[in-house]
Amino acid sequence: SGDTYGSERVAAQYNSKSISGLLAGKSYYIRVSVLDAEQNPAKVSEVIEAVTAPTGKVKNLKQTDAGKNTISFMWDKAEGANAYKIDWIDYVDEQAAWGVWSHTKIGDAGTYKLSGLKNTTYCIWVFPARKSASGYLACSSEYTQEFMRVLPGRVTGVKMFISGIKRFWPEWGVARFGWDKDKMAEGYQYVVYTSSGKKLFSEITKEYINVEIKNNKLTNDQFLKIKVRGYINIGGGKKYGEWSNDCYFAKRPRNVKFLKASGG
């Protein structure tokens, strides 16, 4: 809007022009006039918006949520940017190496959600950019990087390894459990119930092999059940995956009676 910013002339045989000395992260509006023999404008084009790339990086890139195959994240809006270029790459566990960069996504609001992801860690790059009305993207060469994870899957393989017997084991009153490692989990939560479903206690652990569970509610003479789920840390809190199936166990039942079930 306002007065003309500047103008230049090129010879009739040219059909392109590069303009330098502009500000970063700005929109400029350009039109081209055909000059007649007296150098007067004879035909004037429609105005187009041309954009310059912002400088610098986005700040405070952080993960805000996760699902089984989704990652959500946000960042502070960058000066001069009205769009953002997002690149990401997955970690291939079988090869202990990073995969290949994905196709670029364009976000505009300072938040984004990637979907269709695999159960692995991702490296995510966010570039500030400016997008014109016609769709041209002028992108900064500088990016901000963060590593993010999808949610852990359902924990499997929950089983009791051993329970203490006062006469033979120094850790009587303790049960030890294990389950299959989930490569996404930063830790695990387990909950112990009575066999009828009454919650007894819950704890957090970083371990998954030979996990020591000790609680005065863990009695010897009844059947109990335990279930486990993995978690990741997001924004100072824990985001949990799916619970495992219930694992029924008994520490050291005595006076067990064998009865024939009805119906055989």
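Let's start with Asn210. Asn210 is partly exposed, with a relative accessible area of 37%. Keep in mind that this is a predicted model. Where is Asn210 found? It lies in the loop between strand 17, residues 199-205, and strand 18, residues 211-214.

Now the backbone. Most residues other than glycine have a negative phi. Asn210 has a positive one, near 55°. There is another case, Asn60. Its phi is positive too, about 60°, and Asn60 is not a glycine. Is Asn60 buried or exposed? Asn60 is exposed, because its relative accessible area is 51% and the cut-off for exposed is over 50%. Asn60 sits in strand 5, residues 59-66.

Next, the inside. How many residues has the largest nonpolar core? It has 19. Which of them have the most contacts inside it? They are Trp179, Tyr190, Val192, Ile213, Leu218 and Ile226. Several strands supply at least two residues each. Among them are strand 15 (174-178), strand 16 (187-194) and strand 19 (223-234). Remember the loop of Asn210: it runs between strand 17 and strand 18.

Take Leu218 from that list. Val192 and Ile213 were on our list of residues with the most contacts inside the core.

There is a second, separate core. This one has 18 residues, including Trp88, Leu117, Val126 and Met148.

Last stop: strand 7, residues 83-92. Why do we call strand 7 largely enclosed by the rest of the structure? Because 9 of its 10 residues are buried.

Which strands pair with it? Let's take three.

- Strand 11, residues 121-131, pairs with strand 7 in the antiparallel sense over 8 bridges. Here the bridge partner of Asp87 is Trp125 in strand 11.
- Strand 9, residues 105-107, is joined to strand 7 by 3 bridges, and the two run antiparallel. Ile86 stands opposite Lys105 in strand 9.
- Strand 8, residues 97-98, is joined to strand 7 by 2 bridges, again antiparallel. Tyr91 stands opposite Trp98 in strand 8.

One general point to take to the screen. In a regular strand the side chains alternate between the two faces of the sheet. Thank you.

Conventions:
Residues are numbered from 1 along each chain as its sequence is written. This is a predicted model: local features need pLDDT of at least 70, side-chain atom pairs count only at pLDDT 80 or more; totals for chains, interfaces and linings use all residues. Side-chain values use heavy atoms; hydrogens and water are left out. Helices (H or I, at least four residues) and strands (E, at least two) are DSSP runs, numbered from the N terminus. Buried means under 20% relative accessible area, exposed over 50%, partly exposed in between (1.4 Å probe, protein chains only). A nonpolar core is a set of buried Ala, Val, Leu, Ile, Met, Phe, Trp, Tyr and Cys residues joined through side-chain atoms within 4.5 Å. Two strands pair if DSSP finds at least two bridges between them.
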